[in-house]
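Subject: Structure handover

Hello,

Here is the structure for you to look through. Please open it next to this email, and read my notes below as you go.

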Amino acid sequence: MKKKFGQNFLTDTNLLKKIIDSANIKDKDVIEIGPGQGALTKFLVLDASSVTAYEVDSDLKLYLNKLESEFPNLKVNYQDILKVNLDLEKEYHVVANIPYNITSPIIFKILDEAMIKSATLMVQKEVCDRITASPNNKEYNALSVIIQYYMNVEKIMNVNKKMFRPIPKVDSAVFKMTRKERELDLEEETIFLRLVKGSFHQKRKTLLNNISFSQEIEKEKVSLWLNKLNIDGNLRAENIKKDDFIKMAKNFKIIA
Ligand SMILES: C[S@@+](CC[C@H](N)C(=O)[O-])C[C@H]1O[C@@H](n2cnc3c(N)ncnc32)[C@H](O)[C@@H]1O
């Protein structure tokens, strides 16, 4: 077991089946990140049309070679997923119990790859709660808003840490994200990302103060602009719904 690769393997068959069911990958092309000893892979190959897996640890060939020879629809690449240029030409669905130390870069890689239409992921429970949080919750942050802009998100279930071998320190959860139509053009998206990150810059500060500070625009100007958009600048970013951030991005030119 290699700690540096976040290797905590799943054992419970019912749990694995539940993940496969929620992923809904019958006859679809699947990418698995970190197949490990193949616990999830051996169910994926039964349902999916093809499974392309990326595993950084080539010592796991010991387990995965046998599965690969049994199932011609499985191809395991012994590569670091973060270094792979996916460049996908058809639609894919990701299903994975991901290494928790690289959760954010993996999620951003998925968001960036338009041909990935859904991802069913096991992550640390706290991260899942943040990703699926709605406004007015303390878990709601820039990550929630950004992911929910690109994807519809849905929490599937909590998973007790005792389901893994070795048992990790933290509990886990599974969520599914499904790609949706983008509401902004590329230029507006860049502004959206900047505004969202800037609005959450200092959690205790108001939206007005955070935007004024992060975008380097006088408070009076920002205040007038927010009034015009019907958004209360005295609220904190954690109270602002995604659609209001979209509205700000669409109308940013007025004060830029
Ligand atoms: C949490 S384990 C999950 C293993 C297996 N899917 C399961 O559920 O039992 C994460 C797996 O990701 C692999 N891994 C870690 N970093 C990786 C990377 N950068 N690219 C590809 N695989 C990676 C680890 O070696 C490990 O097999």
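Which residues line the second largest cavity? They are S199, F200, Q202, K203, K205, N210, R236, A237 and E238. Please keep in mind throughout that this is a predicted model.

**Cavities**

Rolling a probe the size of a water molecule over the atoms shows where empty space is left. The structure has two cavities of 30 Å³ or more.

The second largest cavity holds about 30 Å³ of space. Its lining is made up of four charged, three polar and two nonpolar residues. Among the lining residues are K203, K205, R236 and E238.

The largest cavity has a volume of about 50 Å³. Around it you will find I31, I33, I81, L86, V94, I106, K109, I110 and I116. By class, eight of the lining residues are nonpolar, none is polar and one is charged. Which elements each supply at least two residues of this lining? They are strand 2 (29-33) and helix 4 (103-112). Helix 4 gives the largest share, with three residues.

**The ligand**

Now to the ligand. How many residues are around it? There are 22, and Q7, L10, E55, D80 and N97 come nearest. By class, this shell has eleven nonpolar, seven polar and four charged residues.

- D80: a polar side-chain atom is 2.8 Å from a nitrogen atom of the ligand.
- V56: a polar backbone atom is 3.3 Å from a nitrogen atom of the ligand.
- G36: a backbone N or O atom is 3.4 Å from an oxygen atom of the ligand.

Taken alone, the ligand exposes 600 Å². The protein buries 97% of that area.

**The pocket**

Where does the ligand sit? The space it takes is the largest pocket.

That pocket has a volume of about 800 Å³. It is lined by 39 residues, and the closest to its centre are F5, G6, Q7, N8 and P99. The elements that give two or more residues to this lining are strand 1 (9-10) and strand 2. By class, the pocket lining has 22 nonpolar, ten polar and seven charged residues.

Two names come up again here.

**Backbone points**

Two spots in the backbone deserve a look.

Is the bond from R165 to P166 cis or trans? The bond is cis, with omega near -10°. P166 lies in the loop between strand 8 (164-165) and strand 9 (172-179).

N136 is in the loop between helix 5 (125-131) and helix 6 (142-150).

Over to you.

Best wishes

Note on methods:
Residues are numbered from 1 along each chain as its sequence is written. This is a predicted model: local features need pLDDT of at least 70, side-chain atom pairs count only at pLDDT 80 or more; totals for chains, interfaces and linings use all residues. Side-chain values use heavy atoms; hydrogens and water are left out. On a 1 Å grid over the protein atoms alone, a cavity is a set of points where a 1.4 Å probe fits but cannot get out, and a pocket is an open set with protein on both sides within 12 Å along at least five of seven lines; lining residues have an atom within 4 Å of a point. Grid points are joined across faces, edges and corners, and a volume is the space filled by probe spheres set on the points. Helices (H or I, at least four residues) and strands (E, at least two) are DSSP runs, numbered from the N terminus. Ala, Val, Leu, Ile, Met, Phe, Trp, Tyr, Cys and Pro count as nonpolar, Asp, Glu, Lys and Arg as charged, and the others, Gly among them, as polar. A residue is near a molecule or strand if one of its heavy atoms lies within 4 Å of it. A polar contact is a pair of N or O atoms within 3.5 Å; within protein, one must be able to donate a hydrogen and the other to accept it, and residues adjacent in sequence count only if both atoms are side-chain atoms. Accessible areas come from the Shrake-Rupley method with a 1.4 Å probe; for residues, only the protein chains shown count as cover. A molecule sits in a cavity or pocket if more than half of its atoms lie within 2 Å of its grid points.
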